[in-house]
Amino acid sequence: MKVIITKNYEELSKAAANEMANIIKNNPKAILGLATGGSPIGMYKELIRMNKDGELDFSDITTVNLDEYVGLSGDHNQSYRYFMNENLFNHININKEKTFVPNGLAENIEEECKNYDAKIAELGGTDVQLLGIGNNGHIAFNEPDSSLVAGTHLTKLTQDTIEANARFFESIDMVPTTALTMGLGGIMKSKKIIVIASGAGKAEAVKEMVSGKINTNMPASMLQMHRDVVVIVDEAAAALLNK
């Protein structure tokens with residue numbers, strides 16, 4: 001596990017964008033695993049800039065997202081499909097038919113999960129998976145629990161996660177309580193993983209992810225078993241690491 005400590009969020013975003021850009025330049029047909037939330041927004045802005053400046057071409061890129069709220073359509077302004085369109089896809093030369101996000105309105109959730117894993121397998125798996133990390137150590141919507149699920153699955157969100165996401169909704173009562181999420185097995189199959197974290201609120205989770213005991217109550221700790229993980233954090237998020 002390689003750890004890169006940057007001065008602030010702006011530098012973190014540029015470092016993460018450079019990591020992703022190198023993968024795209026080395027493989028113009030790469031399969032990118034992408035994430036939503038506050039952490040990657042700066043990185044996506046930098047990738048948009050690179051694309052507009054002619055430094056990066058997304059025309060043959062395929063993307064697969066980690067998760068989606070159950071009950072939200074893709075055009076709902078808090079859905080993760082909408083987030084990806086607004087924060088990345090609408091601003092780069094990517095074919096949206098090659099951008100995949102779980103369907104939060106699927107009538108048969110179990111079938112949707114199986115089909116999503118099958119699609120990723122059909123693509124040959126992700127060349128890189130971008131991850132954020134929750135204050136409680138969750139990655140994607142794999143929440144702390146006594147056991148974890150390997151494949152894409154329906155999950156109930158913890159109160160901590162609901163409260164953390166409430167800032168994006170008009171009220172906490174409007175935050176969905178369940179989501180579809182890629183499982184730990186799917187994440188760990190990625191050839192490379194990039195984790196980004198910013199702010200003092202993530203410091204404890206980052207410490208446990210990097211050097212804590214591997215356990216299901218800290219899902220991010222599982223990443224210690226992956227052969228190629230790059231953790232990019234700002235100084236605040238790195239505050240508890242043994243430098």
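Tutor: A salt bridge is counted here when a side-chain nitrogen of Lys or Arg lies within 4 Å of a carboxyl oxygen of Asp or Glu. Keep in mind that this is a predicted model.

Student: How many salt bridges does a search of the whole structure find?

Tutor: Side chains of opposite charge can pair when their charged atoms come close. Across the whole structure, the search gives 8 salt bridges. One of them joins the side chains of Lys-119 and Glu-122, at 3.3 Å from N to O.

Student: Where do Lys-119 and Glu-122 lie?

Tutor: An α-helix has 3.6 residues a turn, so residues three or four places apart point the same way. Both Lys-119 and Glu-122 belong to helix 4, and they are 3 residues apart, about one turn of the helix. Lys-119 is partly exposed at 24% relative accessible area, while Glu-122 is exposed at 62%.

Student: Which salt bridge does Asp-228 form?

Tutor: Its partner is Lys-192, and the closest N and O atoms of Asp-228 and Lys-192 are 3.3 Å apart. Asp-228 sits in the loop between helix 7 (203–211) and strand 10 (229–234), and Lys-192 in the loop between helix 6 (184–188) and strand 9 (193–197), so this pair ties together parts that are 36 residues apart in sequence. Asp-228 is partly exposed, with a relative accessible area of 27%, whereas Lys-192 is buried, with 16%.

Student: Which residues do salt bridges with shared partners join into one network?

Tutor: The network consists of Glu-46, Arg-49, Asp-53 and Glu-55. Within this group, Arg-49 and Asp-53 form a salt bridge whose closest N and O atoms are 2.8 Å apart. Arg-49 is partly exposed at 33% relative accessible area, and Asp-53 is partly exposed at 49%.

Student: Back to helix 4. What span should its 15 residues have?

Tutor: At 1.5 Å a residue, helix 4 (residues 109–123) should span 21 Å, and its end C-alpha atoms are 21 Å apart, which agrees.

Student: Which residues of helix 4 are buried?

Tutor: Ile-109, Glu-112, Cys-113, Tyr-116 and Ile-120 are the buried ones in helix 4. They fall on the same side of helix 4 because they cover an arc of only 100° around its axis. The other side of helix 4 carries the exposed residues Glu-110, Lys-114, Ala-121 and Glu-122.

Student: Now the sheet. What is the order of the 7 strands?

Tutor: Strands of a sheet pair through backbone hydrogen bonds, either parallel or antiparallel. Here 7 strands make an open sheet in the order 1-10-9-6-2-3-5, with parallel pairing. The edges are strand 1 and strand 5 (99–100), each with a single partner strand, so one side of each has no neighbour in the sheet. As one case of pairing, strand 6 (residues 128–131) and strand 9 are parallel over 3 bridges. There, Gln-129 of the pair faces Ile-193 in strand 9.

Student: In which sense do strand 7 and strand 8 pair, parallel or antiparallel?

Tutor: Strand 7 pairs with strand 8 (residues 178–181) in the antiparallel sense, over 4 bridges. His-153 is opposite Thr-181 of strand 8.

Student: Which residues of strand 7 make up the covered face?

Tutor: In a regular strand the side chains alternate between the two faces of the sheet. In strand 7 (residues 153–156), His-153 and Thr-155 form the covered face, and Leu-154 and Lys-156 the uncovered one.

Student: Which residues make the nonpolar surface patch?

Tutor: Met-1, Val-3 and Ile-5 make this patch, of about 220 Å². Ile-5 belongs to strand 1 (residues 2–6). Its relative accessibility is 37%, so Ile-5 counts as partly exposed.

Student: What is the phi of Ala-140?

Tutor: Phi of Ala-140 is near 50°, a positive value in a residue other than glycine. Ala-140 is in the loop between strand 6 and strand 7. With 11% relative accessibility, Ala-140 counts as buried.

Student: Where is Gly-104 found?

Tutor: Gly-104 is in the loop between strand 5 and helix 4. Buried means under 20% relative accessible area, and Gly-104, at 5%, counts as buried. Between Gly-104 and Asn-18 there are 31 Å in space, C-alpha to C-alpha, and the two are 86 residues apart in sequence.

Definitions and conventions
Residues are numbered from 1 along each chain as its sequence is written. This is a predicted model: local features need pLDDT of at least 70, side-chain atom pairs count only at pLDDT 80 or more; totals for chains, interfaces and linings use all residues. Side-chain values use heavy atoms; hydrogens and water are left out. Patches are made of residues with over 30% relative accessible area and no salt bridge: like charges are joined within 9 Å, nonpolar side chains (Val, Leu, Ile, Met, Phe, Trp, Tyr) within 5 Å. Accessible areas come from the Shrake-Rupley method with a 1.4 Å probe; for residues, only the protein chains shown count as cover. Helices (H or I, at least four residues) and strands (E, at least two) are DSSP runs, numbered from the N terminus. Buried means under 20% relative accessible area, exposed over 50%, partly exposed in between (1.4 Å probe, protein chains only). Two strands pair if DSSP finds at least two bridges between them. The expected span of a helix is 1.5 Å times one less than its number of residues. The arc is that of the directions from the helix axis to the C-beta atoms.
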